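This report is meant for someone meeting the structure for the first time. Please keep the sequence and the model in view while reading.

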Amino acid sequence: MKWKNTSIIIGVATGVYLFMKYLFPVLSPFFIGWILALIVYPIGEKLSRLTVSQKVHLTRERAGGVVILLFAGLAIFLLWEAMETCANRVPGWLSCLPDLKDEMNYFLANCCDHLEKITGILSEDSQGFVVKQMTAAEEAFLQGGGLEFWGQAVDSVKKCIVFFGGAFLSVLSSILFLRDLDEFREKLQGYSLYVRIHNVCIELWSKAKKYILAQLRIMGIIGLLCLGGFYLLHVKHFILWGIGLGLLDALPLIGTGTVLIPWSVLEFFQGNTAVGAGLLALYLVTSLARQFLEPKLVGESLGIYPIFVLLTIYLGVYLYGGLGFLLGPVSALLIWGIIKEWDLLSLRKI
């Protein structure tokens, strides 16, 4: 019955893809609400046992609902403060545009001067070429790109409305789930399909936690290496740069090279050979560190080869788009969990 198992596995993979592609984006607020309810459930249980809670008849459901609303209010407050801070700083940023333009002109002239020493191309010619291209790009934007920009702005507003609507629905659904969580569990426990899906979700969550912890370790080591490298190179704000590149290195298919390589090239063009060589060496060190650490940490935590993780990320981005770097590995783990739970790799009859 090998062909039958193979057909079922293909069907499972297709079903997971269709679910993650079309149903998950629609139902994601309810999934987030369910997860929030599961997280808050033990907190509400502990709060309801307090003497004060018993005196005011604060049940587990009400305590959990209060916790969810407090976290939601805190998130809204922090978001509002961030938006207000940015709005207050915009006038200051705009006032710095003339100075920034002068700095950019000085930087461009400096780069072109060193390019002349290396290639023999006159600094005036290369600088005029760059300015001409920038002027052409600006004219193209003003002629036709402006309408496209406003169209993108409208789309961004729509996405913001959808995001905040989804967030509100997640909070509301989590409170409703928390209210009837025990009853849901009791009724669903009678279905074998639910038990198997529950086992798959537990396995998926366990793998996800191990993967996140492994990536956090790698990110911390890369961040420390960058911090030390920037300190030796006398880079201003080396702590912020180290933390920033540590976070950037954790993003799939990006890494520290997206910053360090262009940065080193610019330093070479400006004549800062030592700094450019140091940045290039730092990139090599961080890349080698990740190549050494990832097979060890990720392989030990998940029991799979890192190349398969990279493959799932690539396929996820190709199939799902921007969020594919997250949905790809999740889909792969979900497919593998279903295959293991239903024992689809065995040759016995199903």
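## Two histidines in a loop

His234 counts as exposed because its relative accessibility is 71%, where exposed means over 50% relative accessible area, buried means under 20%, and partly exposed is in between, for a 1.4 Å probe and protein chains only. This residue is found in the loop between α7 and α8, just after α7, and it has a positive phi of about 60° although it is not a glycine. Helices here are DSSP runs of H or I with at least four residues, strands are runs of E with at least two, and both are numbered from the N terminus.

The loop between α7 and α8 also holds His237, another residue that is not a glycine and yet has a positive phi, in this case of about 55°. With a relative accessibility of 58%, His237 counts as exposed.

## Basis of the model

The model is predicted, so that local features need a pLDDT of at least 70 and side-chain atom pairs count only at pLDDT 80 or more, while totals for chains, interfaces and linings use all residues. Residues are numbered from 1 along each chain as its sequence is written, and side-chain values use heavy atoms, with hydrogens and water left out.

## The chain as a whole

The secondary structure of the chain comes to 12 helices and 0 strands. Of its 350 residues, 27% count as buried. When contacts (heavy atoms within 4.5 Å) with a separation of 6 or more are considered, 63% of those in the chain are accounted for by residues 24 or more positions apart.

## Helix α7 and its partner α8

The 41 residues of α7 should span 60 Å at 1.5 Å a residue, and the end C-alpha atoms of this helix are 60 Å apart, which agrees; the expected span is 1.5 Å times one less than the number of residues. Helix α7 (residues 192–232) packs against helix α8 (residues 238–249) at an angle of about 145°, with the two axes 7 Å apart. These axes are lines fitted to C-alpha atoms, for helices over the stretch in contact, and the angles run from 0 to 180 degrees between N-to-C directions. From α7, the residues making the contact include Met219, Ile222 and Phe230, while α8 contributes residues including Trp241, Leu245 and Asp249. By class, the contact has 11 nonpolar, 3 polar and 1 charged residues, with Ala, Val, Leu, Ile, Met, Phe, Trp, Tyr, Cys and Pro counted as nonpolar, Asp, Glu, Lys and Arg as charged, and the others, Gly among them, as polar.

Ile222, which lies in helix α7, is buried, with a relative accessible area of 0%. Not counting residues up to four places away in sequence, Ile222 touches Asp249, Thr256, Thr286, Ala289 and Arg290. Ile222 and Thr286 are 64 residues apart in sequence, while their C-alpha atoms are 6.0 Å apart in space.

Helix α9 (residues 257–269) has 13 residues, which should span 18 Å at 1.5 Å a residue, and its end C-alpha atoms are 18 Å apart, in agreement. The buried residues of α9 are Gly257, Leu260, Trp263, Ser264 and Glu267. They cover an arc of only 150° around the axis, which puts them on the same side of α9, the arc being that of the directions from the helix axis to the C-beta atoms. Following α9 is Gly271, whose phi is positive, near 90°.

Thr273 lies in helix α10 (residues 273–302) and, at 47% relative accessibility, counts as partly exposed. Leaving aside its neighbours within four places in sequence, Thr273 is in contact with Glu267 and Phe268.
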